[in-house]
Each structure stands twice: as structure tokens, then as C-alpha cells.
Amino acid sequence: MSGAEQLIVDRELLGSWKTARDGTGELAEWHTGTGSHDGAHHDLDADLAERPIDPPDRALRRGMTTDDPLFFIYTSGTTGFPKAARFTHGKFLLGAGALPNMLGITRDDRMYVALPLYHTAGGVMALGGPLLHGAGVVLTRKFSASRFWDECVEHDATMFQYIGELCRYLVNSPPHPLERSHRLRIAIGNGLRPDVWPRFQARFRIDRIIEFYGATEGNTTLFNLDNKVGSIGRMPTRLARAAGLRLVEYDVESDDVRRDASGRCTEVGNDTPGEAIARITRATPFDGYSDPEATERKILRDVFRKGDAYFRTGDLLSHDRDGYWYFIDRIGDSFRWKGENVSTTEVAHVLGECDGVLEANVYGVEV
């Protein structure tokens, strides 16, 4: 549990929230959005309307450091049920601050955001980057392939934060009269498949695609800044080693990294899949989860020498001789669907409760 004491819920979702309320303990509820106020809970919109618009007093931040937690973001990582990942102020500033420099954001830009704000991509990168540099953000309540180009043109969007599925939906949609009459110059995100990438870019006339790799709780990131189709970024081997990013041999049978006779891990060569691990240092910390046991399970110790520690990404990657990196597959009992890591075990448990189902085995397949 994250230890949350307050909850903000949109009135449109009150029906769903009531089905989960009994299992969450005592929470102070703040309701927002359209619909009548029931009087039994706090009205967030009314409360905010009465608040002063002046910046909060600096005394409220006294003693706060970049290592202090800003919020929790729930992520399943690659195994098990969702966990509350600790997200610090420093990590937010890094995630939001890196984007403007890469994209060349100006005050004339507008980022179109159809992703949920409770994820790092939508709530930190897409939202934080533009706002830190005075650019605009266009929020839509949910993604719609049929309305996408209308909204981009209407709101004069110049940037778009994607997950791969969104690009696939657009490519598979019928022609739209505005699909080449927009001002989108950059699309940034992750999960854009190599077979969709060139069709998406050519059909919709988008100059730059910036594919990146990272994890909410992770301590390493890769960015593809030169439009190499299918790559998640470029980092020559020597630079990757200096940055603490390594690929080590993974044994599918034992579902663990391989260790030699001395107990150490072995790096893989070019064009060979290996589990990506990232060295944990003061400069590249792993802040972990609210659950200490879950945090420890993601740390690999005594990897190349006694006493070192690495964050396990749970992902198989590869790199080529030119320093380009590629996503191969996800390790563990999860599959990726609509930007979420879905636990196969959790889905199997739900199916197993249905009448007539004796045994269920759930696994991801290529779409």
C-alpha cells in the first residue's frame, strides 16, 4: 500500500470507484468534474475556486530536497501485481527537463496528450516538459483515431506523445482529410513497431520520430534522436559501460541471469539478446517501491565484482556494432497492452473463476 490518505475521483468514474471503495480503507474523497455534488464528500472544484492564485509560501518547501518523494506511480514492472514506484522531485526534473532540449521546445509549441497522466510518459514527460518551458499542452479525455487529426488541427498541436498502439490505430484507420494538413513536427514515445514506423511517418508527414526506452522505476534511459527505424536509441558500447548500462546473458530455462563458475555475470556481444541492467550509484539511484521486498527483488548484486549492484530492467535488448539498441522482448509473467504491463497470472486467476474453466494459461502474442 502507498499510504495515501486522500483520493481525487472524477464523478464520471464514481460507479467504478464504489465497487473498489470497501477494499481501500479510510480515504478522504474529493470529487471533481461534471455532475451533482452528493454533499457527503469534498467538492474539489468548489474548494479550488476559493483558493488564492498566489504561489504557495516558500516555507512549505523548507528542508525539501530532490531526493524526497514527489509522488508514487503504480507500475507492474515486468512481474507480479502493480507496485507503487517511488518518484522523487529530482527524477521529475530530469524526466521533464530533458525533453525540451531534445525537442527544441519553444513557447509556440503545443503537446497533444492522449495518454493517462498517472503514467510517467503522460504525466511527467508530455506534461512536465512543455510546462517547464512555457509551451502549451492539449489534453484529450481519451484517444480517438477518428477524432485525432481534427483535434490536432483545431488546437494547433506541434508535438504528440505516443505509445506504439496509438500509431498502429492511426495507420490502420481510413484516410482522413486532415491527416497531412496539421502542424505536428515531432512524435515522441515508445513501443512503435518497425513495421508501423515508416508507414506512420510517411503517410502523416511527420518530420521526426523520437523513440525512447525507459521504465518508471528505472535508472537508465535511451533515446533514438536520429530516426533509425526500429531502434530505441544509440549509445556506443564504451559509453554504455561508462554510464553503467550493460546487457548480460539470460537463461530462459532457469528464468534468471547466467553466472559463471566465479558467480559473476557475462556480457553479451553485438546482435545478441541479453537482459539490460543499469548500475546503481549515487548519480544513478534506484529509488525502488513502497514495498522494500519488491525493491530488493529488482536489484542484482555482485554482478561483475563483489559489492556492485545493478537495477534489473526485466527486458531483453540487443545492440549492433554501430551502437544502436533494440527492444527484443519482456521477461516475466506480463504482456504489454495499451501502454499497461498486464500480469498474466492475474488474468489467469480471473478466468479461472469463470464457470466451466478448469485451468487457464495466459501469455502474450504478437499483434
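**Rings, cysteines and salt bridges**

Trainee: Is Tyr-310 buried or exposed?

Mentor: Tyr-310 counts as buried, because its relative accessibility is 1%. Buried means under 20% relative accessible area, exposed means over 50%, and partly exposed lies in between, with a 1.4 Å probe and protein chains only. Please note that this is a predicted model, in which local features need pLDDT of at least 70 and side-chain atom pairs count only at pLDDT 80 or more, while totals for chains, interfaces and linings use all residues. Residues are numbered from 1 along each chain as its sequence is written, and side-chain values use heavy atoms, without hydrogens and water.

Trainee: Which residues do ring pairs link into a cluster?

Mentor: The cluster includes Tyr-112, Phe-143, Phe-148 and Trp-149. Phe-160, Tyr-162, Tyr-169, Phe-200 and Phe-204 are also among its members.

Trainee: New topic: how many disulfides does the count come to?

Mentor: The count comes to 0 disulfides, where a disulfide is a pair of cysteine sulfur atoms within 2.5 Å. For Cys-152, the nearest cysteine sulfur is that of Cys-167, 11 Å away. Cys-152 is buried, with 1% relative accessibility, whereas Cys-354 is partly exposed at 39%.

Trainee: And where does Cys-167 lie?

Mentor: Cys-167 lies in helix 6, residues 164-171. Helices (H or I, at least four residues) and strands (E, at least two) are DSSP runs, numbered from the N terminus. Cys-167 is buried, with a relative accessible area of 0%. Leaving aside neighbours within four places in sequence, Cys-167 is in contact with Tyr-162, Leu-192, Val-196 and Phe-200; contact means heavy atoms within 4.5 Å. Cys-167 and Leu-192 are 25 residues apart in sequence and 7.0 Å apart in space, C-alpha to C-alpha.

Trainee: What about charged groups: which side chain meets that of Arg-203 in a salt bridge?

Mentor: The side chain of Glu-179 meets that of Arg-203 at 3.0 Å, N to O. A salt bridge is a side-chain nitrogen of Lys or Arg within 4 Å of a carboxyl oxygen of Asp or Glu, and the count comes to 19.

Trainee: What parts do Arg-203 and Glu-179 lie in?

Mentor: Arg-203 lies in helix 7 (residues 197-204) and Glu-179 in the loop between helix 6 and strand 9, so the pair ties together parts 24 residues apart in sequence. Arg-203 is partly exposed at 22% relative accessibility, while Glu-179 is buried at 10%.

Trainee: Which residues are linked in a network of salt bridges?

Mentor: Asp-10, Glu-12 and Arg-141 are linked in such a network.

Technical notes. Phe/Tyr/Trp six-rings, centres within 6.5 Å; stacked < 30°, edge-to-face > 60°.
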